[in-house]
Structures are given as C-alpha cells and as structure tokens.
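Please consult the sequence and structure shown here.

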There are 2 protein chains.
Amino acid sequence: MASADSARPGFQLPLLLLAGFRTLIDDLHAELARQGHPELRPLHGFVLQAVGVDGTTATELGQRLGISKQAAGKTVDRLVAVGYLDRVDDPRDARRKLITMTPHGVDGLRRSAEIFDRLRERWVEALGPERVDALEDDLRAVAAPNWFRLDVPGWFGG
Amino acid sequence: MASADSARPGFQLPLLLLAGFRTLIDDLHAELARQGHPELRPLHGFVLQAVGVDGTTATELGQRLGISKQAAGKTVDRLVAVGYLDRVDDPRDARRKLITMTPHGVDGLRRSAEIFDRLRERWVEALGPERVDALEDDLRAVAAPNWFRLDVPGWFGG
DNA sequence: ACTATTTCGTCAACCACGTTGACTACCTTA
DNA sequence: TAAGGTAGTCAACGTGGTTGACGAAATAGT
C-alpha cells in the first residue's frame, strides 16, 4: 500500500496538469515566434480571445479573465504598446474605453487558434481521439473554471 | 466542419488543463490555510517537495524546479522567513549552504501530500479510477516536464 | 605550490502579472 | 439637481521570475 501510494501520489496530478499546460503553451509560443509574433507572451493569446472580435472594455475583460480591472488595464497597456490592441473612447459613454483588436492582433489570435488546433491534433495522434476527448470531458467535469469565462461571444472559431 | 471545430476548439485544451491545475491548487491552499498553514503560497508545496527531507542547496533546488538559482534563492528566503526552511552552512564546503525543512515545513509538506491525495480521491469518485489513471498516463505521455524534475530522492511518500 | 578555472551564493536591476485602496470623471436615478 | 453607482487610472505593493556581475571557496593543471 505504501508502495502503491508512492507510485502514484496525489502530488503527481497537479504537476502533470501543469506540465501539460506548459507544454502546450511553450510549443504555441515557439511556433508563434516563428510566425512573426515574438512579442506575444504566454497569456496574451487568452487575453486576445477574451477581447474577442467585437471588442470589450477593461472592466469586462477583467471579469472574463477573473482578474481585477486594474490588472486587465495593465495587460491592455502592454498589448496596445506592441500593436495588438487599440483603445478608443466609447462615443456613447465617455467613461468607457473600447478595447478592440488591431489587424495584427486578429492575426495573432487566428494563428494561436490554428496552432492550438494543430497541437491538439498531435495529442490525438499520440493518444487517440477517444482519450483526448475523455481528457477534455473529464477536466470539464471536475475543474471549476470560476476564475475565467471564455465562453465569450464573438470568438470566430465558427 | 466549422461548427464541429468551434464546438471543441484547440483553445479549450490548455484552458482545461490550467483550470484543472488551479482547481487543485486553490482547494489545497484553502485546506492548508484551515489546517494552520495560511502562509503557504500556491507553489510552496512543490518547493518543499523539491527540497525533500534530505535537504538540498539553492543551485540544485533551481535545477529541480527548472528555475534559476537566483529565483530559487529568493523563494528560499521567503520560506525561511515564514519558518518552513532552514539555511545552514555546509561544513564540508564553505561555498554551499544546506537548505533543510524545519518541523513546521515537514508538517506542511505532509499535509500537502495528504490533501492532494484526498483531492485525487475526489476526482476518482467523480470520474472513476480508470479515467483518472488514464488522465495521468496520457499526460505523462504527451507532457514534457523538461522544466522540472521532482523525481527527487528523499520524498517520503513511500 | 601556484595559477587557472569552475562552482555557489548573493546583489542589483529589471520585467510580468497580480493585488488593494483611493480618486476623478462621468452616467443614472430618485 | 443632488446622490449614488460605474469606468478607468494612479500609486504602492507583493510574488515569482529573469540576466549580469561579483567575491569567496573548491578544484584541476601544470
């Protein structure tokens, strides 16, 4: 029992999840850099997806990403500085500033999605489609993504 | 095809892995705080595991965690400050400083392992043991944990 | 035995990403 | 029109990383 426990301790589970995530992100990042997006940092793809093709505001972006509006604002600052996002005044509400993607940002997001699809395809080749589906279904069942909501409208995957 | 793609885009995979990781870590953290370890930050459990019961040095800790020795040193600083680690001169090599766990650190590590085991048990209840085993096996197969080596000696899981 | 090289820890500067609290400007509602 | 809520920003801070430089100590090579 001790040996069975030590062979598969609970510590492994979080580490493997983290390793899986980082493997994907590192591969994405390397490929993005190769495709002309070296500025894009690991989380920026998710930020772009959360901004969406319809744009959003800093406060709402923060809610979508599960972070404070200040943190969202700072992230937007960086992505504006490197040319992925635009921030313009909302003509209908002088308090709000609309955050929209530049063409460069749209290109980065599109490429991110393509690369992620290709990486998922690699997993399917290695594990078989049922196992990858099962992995996603199981994670969907047990992982509580309270801290982000990327079920945003405007995502152009379909 | 567009609808099938958008129903299960590659973007979901990394997000689900991250959500799974963060779910575990958040639950661990909440439970650790309840058990008298509110100081322990999310990654500290892994740091303690990487230190191991036999202790190590800052440089080796960095190698085990896949971070620089400077970053490892700073993390050790914080864990020394809150009483989880000790740093003492190595009598056999005046350059080295041995990093060892205090009793409080050992307690935190032991509790972390127990809580992780219990959380894994919850996943088993929700998904069935085969699915959790499959999830771990699959991640082990496709995730490349180049950036950490927690296959360290001295871990007292067994 | 002495020099040259490597290794260990640390310092300093910096960056990314997050937090909370305070504040202004602006809508909205009573 | 006065009161209250909301959007964005500033400032200070914490955490977890990075690189580069450097002194002190060990080790290797004459």
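The model is predicted: local features need pLDDT of at least 70, side-chain atom pairs count only at pLDDT 80 or more, and totals for chains, interfaces and linings use all residues. Residues are numbered from 1 along each chain as its sequence is written, chains are lettered from A and ligands numbered from 1 in the order in which they are written, and side-chain values use heavy atoms, with hydrogens and water left out.

- Helix H3 (residues 44–51) of chain A packs against helix H4 (residues 58–65) of chain A at about 120 degrees, with the axes 10 Å apart.
- The contact (heavy atoms within 4.5 Å) joins Phe46(A), Val47(A), Ala50(A) and Val51(A) of H3(A) to Leu61(A), Arg64(A) and Leu65(A) of H4(A).
- The contact of H3(A) with H4(A) comprises six nonpolar, no polar and one charged residues.

**Helix packing between chains**

- Helix H2 (residues 12–34) of chain A and helix H2 (residues 12–34) of chain B have axes 8 Å apart, at an angle of about 150 degrees; H2(A) is therefore roughly antiparallel to H2(B).
- On the H2(A) side, the contact residues include Leu13(A), Leu17(A), Phe21(A) and Leu24(A), and on the H2(B) side they include Leu13(B), Leu17(B), Phe21(B) and Leu24(B).
- This contact of H2(A) with H2(B) divides into 12 nonpolar, two polar and no charged residues.
- Helix H7 (residues 129–142) of chain A and helix H6 (residues 103–127) of chain B cross at roughly 115 degrees, their axes coming within 10 Å; H7(A) and H6(B) are therefore roughly perpendicular.
- Asp138(A), Leu139(A), Ala141(A) and Val142(A) of H7(A) meet Trp123(B), Ala126(B) and Leu127(B) of H6(B).
- The contact of H7(A) with H6(B) has six nonpolar, no polar and one charged residues.

**Aromatic pairs**

- Over all chains, the whole structure contains six aromatic pairs, for which ring centres must lie within 6.5 Å.
- Phe11(A), Phe46(B) and Phe116(B) are linked into a cluster by ring pairs.

Terms used. Axes are lines fitted to C-alpha atoms, for helices over the stretch in contact, and angles run from 0 to 180 degrees between N-to-C directions. Helices (H or I, at least four residues) and strands (E, at least two) are DSSP runs, numbered from the N terminus. Angles under 35 degrees count as roughly parallel, over 145 as roughly antiparallel, 65 to 115 as roughly perpendicular and the rest as oblique. Ala, Val, Leu, Ile, Met, Phe, Trp, Tyr, Cys and Pro count as nonpolar, Asp, Glu, Lys and Arg as charged, and the others, Gly among them, as polar. Rings of Phe, Tyr and Trp (its six-membered ring) pair if their centres lie within 6.5 Å; planes under 30 degrees apart count as stacked, over 60 as edge-to-face and the rest as tilted.
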